[in-house]
Amino acid sequence: MKTAGPLRRPLIEWYRRHRRDLAWRRTRDPYRIWISEVMLQQTTVKTVMPYYEAFVAAFPDLPSLAGAAEEKVLALWSGLGYYHRARNLHRGARHVLERHRGRFPRTLEAALAVPGVGLYTASAVLSIAHGVPLPVVDGNVRRVLARLFALRGPEWRADAAFYNKADELLDRQAPGDWNQALMELGATVCLPRRPACPACPLRAHCAALALGIAEQLPEGRARRAPVAVTVAAALVEEGGRVLLVRRGEGRLMGRMWEVPQTSLEARGLPDLARELKQRHGLDLVPGKLVARGRHAITFRRIRLEAYSSRLRRRPPVDPERFRWVRPEEIAALPVSSITRKVLRGLGSPQLPLELQ
Ligand code: SF4
C-alpha cells in the first residue's frame, strides 16, 4: 500500500494553483466556513454561491444569525432545499452564542455537541478554519481515494473504512488545504464519469488508472430507487394575491409556506378538494389546469399540476396558517421550491403553462 508522502506535494501544489476562487475560501472565519459547508451538502457549488453571498450579507456574523427570526433564516434558504439544514444552523448558532460566547468551538468534542453539526461538518470547519488535524470524507474524497488505491470489495462499502484511510493520509501540517485539495480534485478532475486523468496531478500514483478501472470505482452503495409522485396544487387568487398555507411542523419542509397542495405516490391525480379540506380545513372547488411541470426532490420525481381554484368559504384569519401574498412578497417568505416554480409562471397568457 502506498504512503501519502509522494502524493502531498503534487496535490497541494495543484490545489494552490488551480483551486476555484470561491467566496468561502477567502476567509478563515469558522462561522462563514460552517455556513458554506452546510449549504454545500447535497448541493452544487454553482447553486450555493448566490445563497451564500445573500446569507452572509444578511447575517455577517454568528450573533446576527443567532438573533434572527427563523422565518427570515428560512426565507434566505428558500429554493436551496433540505430546510432542516437551515433550522439546524440557526439552532447551532444559538448554541454557540450561549455556550461559547459566539465562537465556533475548537475541539471536535465541543463541535459535535453543536446541534446539527456531524462529523463531516465539524472536521471540515475545524481543519479549514483552525488547522485541527481531522480528515473529511465526502463523496468526492471517497471517489478519489477509491481510485487512487483501487479500493474494492465489501470492506470498502463502509464509510468508516474511508474515514480511516483519509486519516492515515492526512497532511497534519496543512489539514485544511489537504482536505480541500482532495475534495477539489474530486469535484473538478476525478469526476464520477470520465475523470480527466491526463490533467490529474496524481496520475503517476493512481492504481485505478494503471488498472484501467477508474470509472468502475468507487463500488456503489445501494441507491434508493426514485419514487414517482403526483402533486396537485390549488391556485386561489384574489385581488392580485395568492393564498398560501403553512406546512405542519415535523413534516418534510415543516413550517414552510406553499400553495395548498397534496400528493400521491402513484399515477393519477389526488382528490385535491377532499385532501385540502382534511389537511387545512379549506373549502374550495378546483377548476382549470393552469400549469404543469416536473420537479425532482431527493429521490422523488414529481409530476406537478396546478389548478385555478375557487373558495367556497374564506379561510379564517390566522396569519400562522394562512396568508394572502403578492408575487413580489414571496422572496421574503420561506417558500418551498415547488411553490416558487408555480408562482413564477403566474400571469402567463398561455395556459396550461409548462413549468421548467
Ligand atoms: S488519475 Fe484519474 S482516476 Fe486517478 S485520481 Fe487522478 S483523475 Fe482520479
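A residue counts as near a molecule or strand if its C-beta atom, placed from the backbone, lies within 6 Å of it. With that in hand, here are the views.

**View 1. The whole chain, a predicted model.** Local features in this predicted model need pLDDT of at least 70, side-chain atom pairs count only at pLDDT 80 or more, and totals for chains, interfaces and linings use all residues. Residues are numbered from 1 along each chain as its sequence is written. The C-alpha trace spans about 75 × 50 × 35 Å along its principal axes. You will find 14 helices and nine strands in the chain; these are DSSP runs numbered from the N terminus, with helices being H or I of at least four residues and strands E of at least two. Of the 356 residues, 36% count as buried, meaning that 20 or more other C-beta atoms, placed from the backbone, lie within 10 Å of the residue's own.

**View 2. The shell around the ligand.** Among the 14 residues around the ligand, Cys-190, Cys-197, Cys-200, Cys-206 and Ala-214 come nearest. The largest share, three residues, comes from α9. By class, the shell has 12 nonpolar, no polar and two charged residues. Here Ala, Val, Leu, Ile, Met, Phe, Trp, Tyr, Cys and Pro count as nonpolar, Asp, Glu, Lys and Arg as charged, and the others, Gly among them, as polar.

**View 3. Helix α1 crossing helix α11.** The axes of α1 (residues 5-18) and α11 (residues 175-188) come within 9 Å and cross at roughly 75°. Axes are lines fitted to C-alpha atoms, for helices over the stretch in contact, with angles from 0 to 180 degrees between N-to-C directions. From α1, Leu-11, Ile-12 and Tyr-15 meet Asp-177, Trp-178, Gln-180, Ala-181, Glu-184 and Leu-185 in α11. Six nonpolar, one polar and two charged residues make up this contact.

**View 4. Where the two domains touch.** The domain assignment, automatic or from a database, gives domain 1 (5-216) and domain 2 (229-355). Their centres, taken over C-alpha atoms, are separated by 35 Å. Eight residues of domain 1 are in contact with nine residues of domain 2, where contact means C-beta atoms, placed from the backbone, within 7 Å. The touching side of domain 1 divides into four nonpolar, three polar and one charged residue.

Terms used
Contact = placed C-beta atoms within 7 Å. Buried ≥ 20, exposed ≤ 12 C-beta atoms within 10 Å, placed from the backbone.
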